[in-house]
Amino acid sequence: MVESYFPIEKLLEKLRGFAYKELLLFCGVKNDLQKLEETLTIVKSVVLDAEEKQAHNHRLSVWLGKLKDACYDAEDVLDEFEVEVLRRQVMKQRSIGRKFRNFFGSSNPIAFRFRMGHQIKKIRERFDEIAKLRGEFNLIERLDDHRRVVHKEREPTHSFVLSSDIIGRDKDREKIIELLMQASSGESETVSVVPIVGLGGLGKTALAKLVYNDQRVEEHFELKIWICVSEDFDERQIMTKIIKSITGQNQCDLDTDQLQRILRDRLNGKRYLLVMDDVWNEDSEAWRKLKSLFLGGANGSKILVTTRSRKVASIMGTRGGTTSYNLQGLPFEDCLSLFMKCAFKEERDKHPNLVKIGEEIVKKCGGIPLAVRTLGSLLYCSTDEHDWEYVRDNEIWKLEQKANDILPVLRFSYDQLPPRLKQCVAYCCIFPKDFEFSSYALVQFWMAHGLLQLHNNNEELEDIGMRYVKELLSRYFFQDLTFGMLGMETFSFKMHDLMHDLALLVAKDEFLVVNSDCQSIPKSVRHLSFATANASRNDFSSLLSDLGRVRNIFFSTDDEKTSQSFVESCISKSQFLRVLDLNGSAIEVCPRKMGNLKHMRRLDLAGNSKIKKLPKSICELQSLQTLNLEGCLELEELPKDIRYLVSLRVLGLTTKQKSLQESGIRSLSSLRWLSISKCRNLEHLFEEIDQLSLLRTLLIANCPRLISLPPAIKYLSSLETLMLWKCESLDLNLNVEMEGEGSHHDRKNTRPHLRRVFVVEITQLLELPQWLLQCCTDTLRNLVIADCPNFIALPGSLKDLEALETLIIAGCPKLSSLPEDMHRLTTLKLLTIAECPALSERCKPPTGEDWPKIAHIPQVYLDGELITSSDN
């Protein structure tokens, strides 16, 4: 189960907060809550000991489960106070009397006081009973988890080992490429199958990617396709994934016959390579039916399969043709090299004793790279021999492991995490295997569940969450890292399927992924996913009798016919819902009862292109932190009362409105991230945008009619990232005459601290406006100007950007020279120029007229080629 230490610690934090002190006095529950805090503190002192001993004591495990459930229920009750405080805060701030109170519905103070007093008393009595039972287990008080190896926080700047750093698989790659290049002559079918078989964690997927991305493979096959299959070997889902890999389009709304026709048409006559990653299907008939769809390709087509099962390889392998490739463990020397790369920040020669212990640890890993990397990263930066000996001599090596099982090693690594990071890992199990995480979206998800801990008021929750992501990446709980836009703190990654198995193992009582075999939803479940189920073709309504404790519901993004009534039923029965993900579910009407979900933190409606209106009640969600409406192409307008979403930090918006002047967005004082995209009619944003004093990121994309930016944009005091993309009518010169004097704060000396500016496909752009550069002379690190066909000149003031590290100019054919004094940009580390013919010619060494201006820059790329000289 998810461990109990974090829920109890989180509950104590809430009790010690002062956010609702006045309300507690009004409700007469202060004494009860003080007693509850005392009881929790006593119980917390023995929880670590209880968690360590529960594996050998079933009654103790049950006791911990009751404690955890009570913590969650108590948190739901305390949330009621927080919601009420926010409601009163909004009423007080707006001071619009009866009209306002009617909008938010009646709230009888006497009834609230009575109800909350009764609930707090019940919670206190429940914890009193739990505390009494602890005496039966002879538990020892302990506030320090001695099981953890490295107690200091790891450096967030630690470099992750990327897939390109795979060690020791060159020979395997060559042999598999040789098998793929073999002609199909002598085989009765045009397509043959090459299965890669091996233990979990050996690196089958990593090896398949090395092969897939090899230049020889690229040239040999006309078409390459990659899909992850995992446990669900459903013909329709597999066809949908293949078509999406080929076309980039999601065709999940088509029936099976239509999908078969599209697939055959796409493969017909082409020599293709299809990679089917992580296959578990042992039903030969299911494979025979599916394989028949792949036979129309040209001779020499290949299917590369990765699997842990020899039976799967036997079923899928081509009879009388290619045999399976049995992947062996990594040789000791390669394992040792990998381990040292993960474990040492400095030269390992300085620590001969640690190297010797490391060699012994590596021998115990049995040649499994995932185990080697996980344990190596665990010891990163630790030079304490006791830490290394603790890993070497741990009891995990004494466990009788099942075949193909390295979960005990991964569980050991999980046990070393701080409590909050353990929760963050466990919560990832609600996402499907092979899910591609976005760092920013995952941080919002964790934030919605209260997993991020503020250490002081100067920190931002988003920054803390990003540190958590980087920490888990460095410990190999995540992999397949892909960086996004240059300089943006957003990137994508996946979770290894064995790490996903581990997350499911530790979270199994609280999380449920519904499939067609599901008969009931246990009361212990708090997180629910229909992501792999088909809510339009299976009747799950009988499962929805008791969702009273559920905090999180995900719906399928691959089901174009998600039942409207099914979604509404889920919402009406989930009063404590904190996260609702309807991204891409294709619902047509947003349920009215959504306004009853007063605990809601994250609401994702993105990609629902048929929604025309949002219910007014959505503006009653004072706890809402994230509202994603991107891709809601038919959304006519935002509710005017959206200004009352006082906790909203992230807003993604697509709307048919011409102007956002009356939208109320300017009043969202907690907003950190604002994305406005695909607004086909939008001509104007809103004045007084500087009221968004905490806004850090502003993205405006695909708004072809947007004419200008509000002049007050230059007073956004917290703005760090500005991205303008594909706005053909946008003029970046601000109309200062329209600026006005009615700002809510003194604008004197107020300006953004921009670090990243992206200007892409802005047709009207001739040169960068002065206001933009004046906003960031000492802060701008990354500047990208791309695909601006009329851009003619960089300003002379570019030299004043004293923090600039990266400058990228691409697709600007009219830009013919660089400004003078470029040599004064001493911080500039990377200059990239592409598709700017005249400028590239002037920058070529050694005779180009502009070469002396840039010769000092360490990395210069001209049309994709790294330019080297004696200077750089």
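Me: What makes Glu634 and Lys656 a salt bridge?

Reply: This is a predicted model, and the distance is computed from it. The N to O distance between the side chains of Glu634 and Lys656 is 3.2 Å. The cut-off is a Lys or Arg side-chain nitrogen within 4 Å of an Asp or Glu carboxyl oxygen. The pair therefore counts as a salt bridge.

Me: Which parts of the chain does the pair of Glu634 and Lys656 tie together?

Reply: Glu634 lies in the loop between β14 and β15. Lys656 lies in the loop between β15 and β16, so the pair ties together parts that are 22 residues apart in sequence.

Me: Why is Glu634 called partly exposed?

Reply: Its relative accessible area is 26%. Buried means under 20% and exposed means over 50%. Glu634 falls in between, so the term is partly exposed. Lys656, with 32%, is partly exposed too.

Me: How many salt bridges does the structure hold?

Reply: The structure holds 62 salt bridges. One of them joins Arg551 and Glu75.

Me: How do you know that Arg551 and Glu75 form a salt bridge, and what does the pair tie together?

Reply: Their closest N and O atoms are 3.4 Å apart. The limit is 4 Å, so the pair qualifies. Arg551 sits in the loop between β10 and β11, and Glu75 in helix α4, so parts 476 residues apart in sequence are tied together.

Me: Are Arg551 and Glu75 buried or exposed?

Reply: Arg551 has 1% relative accessibility. Glu75 has a relative accessible area of 6%. Buried means under 20%, so Arg551 counts as buried and so does Glu75.

Me: Where in the chain do Arg696 and Glu720 lie?

Reply: Arg696 is in the loop between β16 and β17. Glu720 is in the loop between β17 and β18. The two are 24 residues apart. They form a salt bridge, with the closest N and O atoms 3.4 Å apart. Both residues are buried.

Me: What makes β2 and β5 edge strands?

Reply: The order of the 5 strands in this open sheet is β2-β3-β4-β1-β5, with parallel pairing. β2 and β5 each have a single partner strand, so one side of each is left without a neighbour in the sheet.

Me: How do you know that β1 and β5 pair?

Reply: 2 bridges join them. Pairing needs at least two bridges, so β1 and β5 meet the rule. Val197 has Asn326 in β5 as its bridge partner.

Me: What makes β23 and β24 a hairpin?

Reply: β23 and β24 pair in the antiparallel sense over 3 bridges. There are 2 residues between the strands. Asp863 in the turn has a positive phi of about 50°. Leu862 has Glu865 in β24 as its bridge partner.

Me: Which other strand is joined to β23?

Reply: Strand β22 is joined to β23 by 4 bridges, and the two run parallel. Leu830 has Gln859 in β23 as its bridge partner.

Me: Which side chains of β23 are buried?

Reply: Val860 and Leu862 are buried and point to one face.

Me: Which residues touch the most other members of the largest nonpolar core?

Reply: They are Leu528, Leu580, Leu627, Ile665, Leu674 and Leu709, in a core of 112 residues. Helix α23 gives the most to this core, with 4 residues. A second, separate core has 108 residues, including Val391 and Phe493.

Me: Why is Gln260 called buried?

Reply: Its relative accessibility is 18%. The cut-off is under 20%, so Gln260 counts as buried. Gln260 lies in helix α11. Leaving aside neighbours within four places in sequence, Gln260 is in contact with Glu235, Met239 and Leu293.

Me: Why is Ser337 called partly exposed?

Reply: Ser337 has a relative accessible area of 35%. That value lies between 20% and 50%, so Ser337 is partly exposed. Ser337 is found in helix α14.

Methods
Residues numbered from 1 in each chain as written. Predicted model: local features only at pLDDT ≥ 70, side-chain atom pairs only at ≥ 80, totals over all residues. Heavy atoms only, no water. Core = buried A, V, L, I, M, F, W, Y, C linked by side-chain atoms within 4.5 Å. Buried < 20%, exposed > 50% of the residue type's maximum accessible area, 1.4 Å probe, protein only. Contact = heavy atoms within 4.5 Å.
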